[in-house]
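Thanks for making the time this morning.

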Amino acid sequence: RRPKNFPPGPTALPFFGNVLNLNVDNPLKYLETLRRTYGNVYSLYIGHRAAVVLSGTKALKEALVNKAVDFAGRPQDMYFSAIAEDRGVILADYGDKWKEHRRFSLMTFRHFGLGKQSMEQRILEELQITMSNLEKHTGKSLKAQVMFHIMASNVICLVLFGKRFDYEDEFMKKYVTSITAVMKLMNGPWAFLYDSFHWVRSLPLPFNKGFQIMKTIKSMTSSLINEHKMTRVPGEPRDFVDCYLDEMDKRADDGTSFSPEELLYTCINLHAGGTDTTSNTLLTAFLYLMTKPHIQERCQQEIDRVLEGKDSVTFEDRHNMPYVQAVTHESQRIADTVPLSAFHATTRDTELMGYSIPKGTIVIPNLSSVLSEEGQWKFPHEFNPENFLNHKGEFVKPEAFLPFSAGPRVCLGEGLARMELFLILVTLLRKFRFIWPEDGGEPDYELVFGITVAPKPYNMKVELRTT
Ligand code: HEM
């Protein structure tokens with residue numbers, strides 16, 4: 001039974017709650033039906049656990065921004081929290097340890113803002129390698145998903161570990177496959193079972209695989225960190241890991257939350273958080289750029305004009321490229337990469353839009369509902385860069401643009417992701433024309449649901465531009 005004055009919602013079955021209606025292949029349609037019936041704040045049950053679903057810009061901002069601390073927790077005692085052991089940043093509960101690690105990570109990212117080691121340089125460095133690979137493929141088809149995935153993974157590896165991995169590197173292939181496998185388990189039916197019935201947790205069921213794979217990921221990350229310990233010069237950090245090790249030295253005696261285990265999870269979080277998200281967004285962007293060549297050409301005209309005489313693009317150039325900015329943002333809106341954000345939890349008994357929500361309730365921010373909310377967008381249901389342009393052709397960002405969520409838990413990698421999307425798009429479009437291959441069939445814009453959603457894999461054809 002729902003607590004007093006709790007948000008309304010569908011009747012829940014004993015034991016199962018509403019999970020049987022939540023199609024793991026795509027729960028978004030069911031959630032939209034519930035929103036129409038119960039409004040922008042409603043509840044449902046995941047097994048015996050109550051969850052409040054927030055839809056639309058107003059409810060989301062009211063909770064995540066205006067009542068920031070009340071809604072900044074992460075659910076505990078669930079499959080994904082057991083996998084994460086309350087460590088790192090993404091799944092750690094609200095508290096001092098999370099705050100210290102979030103603050104440190106953001107500061108370190110900023111530290112790499114300038115100079116030769118800057119984020120911008122690391123992205124452009126990786127792009128050089130991608131471009132020479134693409135040149136070898138001119139006139140041929142190639143698998144876009146693999147290319148974007150490696151690019152995104154390498155950018156974050158350069159930031160974390162100061163090194164990149166070749167396309168065929170066995171270590172990185174295994175690392176990425178393992179992270180993908182755990183994420184799939186976290187979003188699958190076995191996780192629902194684990195969350196719904198405590199008594200199944202000690203049984204030898206497939207969810208145990210997640211814990212085993214996590215051991216592998218931890219030991220692989222450890223080996224990367226240990227390499228650093230041998231070669232680092234304290235006080236002269238080359239990358240994120242060096243910065244963390246320096247910080248651990250500095251704080252050795254102050255009862256700090258910084259520890260080798262936290263470093264492991266933080267690195268895993270940043271790699272996992274920064275790879276699929278960025279690469280799936282790029283995959284969506286190029287799907288539309290190829291199948292709507294007039295949009296691609298208009299981007300190229302703007303890029304040629306603004307970069308005339310320059311060797312390469314800088315992130316600053318975005319201010320002179322309103323159309324490209326509109327296209328990158330529209331790609332993110334349509335890509336809907338993390339549709340249900342990461343689940344939040346209330347940190348204390350609280351109220352939201354007249355409802356009472358007890359401490360520890362799961363909160364699901366439905367970002368997807370905001371990114372296509374009617375009344376917030378000129379063209380909510382179609383790919384159209386005009387969503388981000390005013391009548392003078394200037395770039396504008398509507399307040400419903402929340403692909404990174406909002407409030408104290410807003411994506412920690414937002415700055416890096418925005419820089420990557422812009423630099424990658426501009427650099428690639430300047431040099432190449434991207435073409436939907438003749439044998440590619442009808443383009444399929446349907447997204448495949450997961451913790452991060454993605455377009456179906458496709459091939460792209462590239463040609464060198466002549467201008
Ligand atoms: C297009 C790319 C990206 C998208 C759409 C995206 C989206 C998100 C979303 C929706 C959240 C959940 C926020 C919440 O709980 O309310 C999140 C959290 C997070 N993201 Fe991203 N992300 C992207 C790229 C990145 C990158 C490149 C990194 C790493 C550098 C990263 C690291 C993280 C981390 C560590 C968190 C957890 C923040 C916390 O709990 O305090 N993300 N991201």
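Predicted model: local features only at pLDDT ≥ 70, side-chain atom pairs only at ≥ 80, totals over all residues.

Let me begin with the second largest pocket, which has 30 lining residues, and of these Leu 28, Asp 336, Ser 368, Ser 372 and His 381 lie nearest its centre. Residues are numbered from 1 along each chain as its sequence is written, and side-chain values use heavy atoms, with hydrogens and water left out.

A word on terms: on a 1 Å grid over the protein atoms alone, a cavity is a set of points where a 1.4 Å probe fits but cannot get out, whereas a pocket is an open set with protein on both sides within 12 Å along at least five of seven lines, and lining residues have an atom within 4 Å of a point. Grid points are joined across faces, edges and corners, and a volume is the space filled by probe spheres set on the points.

Helices here are DSSP runs of H or I with at least four residues, strands are runs of E with at least two, and both are numbered from the N terminus. Sorted by class, this lining holds 11 nonpolar, nine polar and 10 charged residues, where Ala, Val, Leu, Ile, Met, Phe, Trp, Tyr, Cys and Pro count as nonpolar, Asp, Glu, Lys and Arg as charged, and the others, Gly among them, as polar.

The largest pocket comes to about 1,000 Å³, and of the 40 residues that line it, Gln 145, His 149, Thr 180, Asp 276 and Asn 280 are the closest to its centre. Among the elements that each supply at least two lining residues are α5 (119-136), α6 (144-161) and α11 (260-291), although it is α7 that gives the most, with eight. The lining of the largest pocket is made up of 18 nonpolar, 13 polar and nine charged residues.

Now the ligand: which residues come nearest to it? Of the 28 residues around the ligand, counted if a heavy atom lies within 4 Å, the nearest are Arg 74, Arg 102, His 344, Ser 405 and Cys 411. Cys 411, in the loop between α14 and α15, is the only protein donor of the ligand's iron atom, through SG at 2.3 Å; donors are N, O and S atoms within 2.8 Å of the metal (3.2 Å for Na, K and Ca), and water is not among the atoms, so sites may look incomplete. An oxygen atom of the ligand is 2.7 Å from an N or O atom in the side chain of Arg 102, and for the side chain of His 344 the corresponding distance is 2.6 Å. In the shell around the ligand, α11 gives the most, with six residues, and the classes are 15 nonpolar, 10 polar and three charged.

Conventions
Polar contact = N/O pair within 3.5 Å; in protein donor to acceptor, adjacent residues only side chain to side chain.
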